[in-house]
Amino acid sequence: MADSSSKGPTLFSPYKMGRFNLSHRIVLAPLTRCRAHNEIPQPAMVKYYSQRSTPGGLLISEGTSPSDTSAGYPRVPGIYTDEQVEAWKKVVDAVHAKGSIFFCQLWHVGRASHQVYQPGGASPISSTNNPISNGWKVPMPDGSQETNYPQPRRLETHEIPQIVEQYRRAALNAVLAGFDGIEIHAAHGFLIDQFLKDGINDRTDEYGGSLANRCKFLIQIVQAVVEAIGADRVAVRISPAIDFHDATDSDPIGLGLAVIGRLNELQYNVGSKLAYLHVTQPRFATQINVGRAEFDQDRESQFMRTLREAYQGTFMASGGFTRELGMETVASGDADLVSFGRNFISNPDLVLRFKLNAPLNKYIRETFYTDDPVVGYTDYPFLERECVKEDELSPF
């Protein structure tokens with residue numbers, strides 16, 4: 001294969017991520033799939049994640065609720081009850097049986113929710129009491145879309161430690177379920193990002209105003225989770241330049257560097273690195289036809305490179321990657337790992353297809369978030385065995 005002559009690492013080069021030995025750099029990105037009825041992982045999820053598992057591969061679960069106030073989409077799994085933990089064990093066991101490493105993404109949407117998802121029909125919580133602007137649509141349980149997000153309730157200062165505790169308990173539950181680690185979702189306009197971005201956070205207490213104050217909520221969560229399960233089991237995802245759900249900031253690079261500086265300090269203080277930092281590229285906004293990101297390719301590359309050079313640990317990039325872009329990014333050292341989303345939905349054997357540079361199945365966007373346990377979920381075809389030589393069946 002042409003890739004074998006590359007001087008630098010490739011998507012298929014092994015990588016040591018702290019305690020974990022990865023056999024390749026292709027990661028299953030966290031992908032909301034809306035198949036967890038009553039917020040409980042279902043048998044179809046066992047098959048879905050197992051299909052996408054490879055020996056030494058890294059998978060990140062779909063966004064998973066750390067509490068009963070966290071959801072903003074239908075049929076999102078949780079990990080805050082015993083029943084949810086028991087159901088996740090079956091999924092995790094199937095992934096581990098294939099030799100993969102599995103991280104659970106903890107996801108609280110904050111104001112990107114609706115009363116229908118909240119206990120007692122309460123208002124969603126946030127850093128602010130300002131709603132997401134008109135034009136953003138709310139996905140409803142019946143498959144329809146509400147045209148306006150409701151007004152959220154600004155968290156009182158004394159309530160914030162309760163949310164931090166919910167993340168800590170969820171991380172412990174994830175380990176109890178067998179997950180190898182957790183990823184804290186602090187991106188894409190969801191709850192933690194609502195504290196980070198100055199286009200949303202209008203607080204006047206210790207969690208608002210300065211960069212240090214706006215980073216405080218995230219760092220308190222990371223500290224609590226690190227103390228609970230260990231730094232090398234904890235990862236963080238950020239998106240400083242993504243304005244999804246009105247998550248704008250006046251200085252994205254400054255925000256990104258502020259978060260990274262605090263994560264670096266935390267790692268130094270605890271004497272151990274986090275598992276990885278996961279950063280969404282600015283082009284993600286234009287890839288999904290939302291947002292107003294105006295990054296050309298050169299600015300985007302410099303933006304990501306600046307963050308990558310600042311972070312002292314494993315750096316993962318995501319956002320509209322193709323095989324070729326992934327290879328270039330790893331070979332240049334701009335990222336250690338690359339996560340893939342939509343193409344992993346439609347190609348359960350994506351690692352093998354990338355290795356062979358084989359054609360990819362086309363994804364069907366209309367079935368991304370349905371509740372069907374098979375269609376658009378576990379029915380995408382694998383490469384036919386007769387098309388693959390016996391010595392190429394391994395993805396490495």
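Student: Which residues do ring pairs link into a cluster?
Tutor: This is a predicted model, so keep that in mind throughout. The ring pairs link Tyr-48, Tyr-49, Trp-88, Phe-102, Phe-179 and Tyr-377 into a cluster.

Student: How many aromatic pairs does the count come to?
Tutor: The count comes to 17 aromatic pairs. One of them is Phe-195 with Tyr-207, an edge-to-face pair. Their centres are 6.3 Å apart, with 80° between the planes.

Student: Where do Phe-195 and Tyr-207 lie?
Tutor: Phe-195 is in helix α4, residues 191-196. Tyr-207 is in the loop between α4 and α5. They are 12 residues apart, and the pair links distant parts of the chain.

Student: Phe-195: buried or exposed?
Tutor: Phe-195 is buried, because its relative accessibility is 0%. Tyr-207 is buried too, with a relative accessible area of 3%.

Student: What lies over the face of Tyr-207?
Tutor: Lys-216 does, at 5.3 Å from the ring centre.

Student: Now Phe-321 and Phe-340. Why is that pair edge-to-face?
Tutor: Because the planes sit at 65°, and the cut-off for edge-to-face is over 60 degrees. The ring centres are 6.4 Å apart.

Student: Which parts does the pair tie together?
Tutor: Phe-321 lies in the loop between β13 (315-318) and α9, while Phe-340 lies in strand β14, residues 337-340. So the pair ties together parts that are 19 residues apart in sequence. Phe-321 counts as buried at 7% relative accessibility. Phe-340 counts as buried at 1%.

Student: What does Thr-329 touch?
Tutor: Leaving out residues up to four places away in sequence, Thr-329 touches Phe-321, Asp-334, Ala-335 and Val-338. Thr-329 is found in helix α9, residues 323-332.

Student: Why does Thr-329 count as buried?
Tutor: Because its relative accessible area is 14%, and buried means under 20%. Its C-alpha is 16 Å from that of Val-351, 22 residues apart along the chain.

Student: And Arg-299, where is that?
Tutor: Arg-299 is in helix α8, residues 297-310. Arg-299 is partly exposed, with a relative accessible area of 46%.

Student: Switching to the core. Which residues have the most contacts inside the largest nonpolar core?
Tutor: Tyr-49, Ile-79, Ile-182, Ile-184, Phe-217, Leu-218 and Leu-274. That core has 83 residues. Helix α5 (residues 211-229) gives the largest share, 10 residues.

Student: What does Ile-79 touch?
Tutor: Beyond four places in sequence, its contacts include Gln-84, Val-85 and Trp-88. Also among them are Cys-104, Leu-106, Ala-170 and Phe-179.

Student: Why would residues three or four places apart point the same way?
Tutor: Because an α-helix has 3.6 residues a turn.

Student: How many residues does α2 have?
Tutor: Helix α2 has 16, residues 82-97. From first C-alpha to last, α2 reaches 23 Å, close to the 22 Å expected.

Student: And what comes just after α2?
Tutor: Gly-99, which takes a positive phi of about 90°.

Technical notes. Residues are numbered from 1 along each chain as its sequence is written. This is a predicted model: local features need pLDDT of at least 70, side-chain atom pairs count only at pLDDT 80 or more; totals for chains, interfaces and linings use all residues. Side-chain values use heavy atoms; hydrogens and water are left out. Helices (H or I, at least four residues) and strands (E, at least two) are DSSP runs, numbered from the N terminus. The expected span of a helix is 1.5 Å times one less than its number of residues. Buried means under 20% relative accessible area, exposed over 50%, partly exposed in between (1.4 Å probe, protein chains only). A nonpolar core is a set of buried Ala, Val, Leu, Ile, Met, Phe, Trp, Tyr and Cys residues joined through side-chain atoms within 4.5 Å. Contact means heavy atoms within 4.5 Å. Rings of Phe, Tyr and Trp (its six-membered ring) pair if their centres lie within 6.5 Å; planes under 30 degrees apart count as stacked, over 60 as edge-to-face and the rest as tilted. A charge sits over a ring if NZ of Lys or CZ of Arg is within 6 Å of the ring centre and within 35 degrees of the ring normal.
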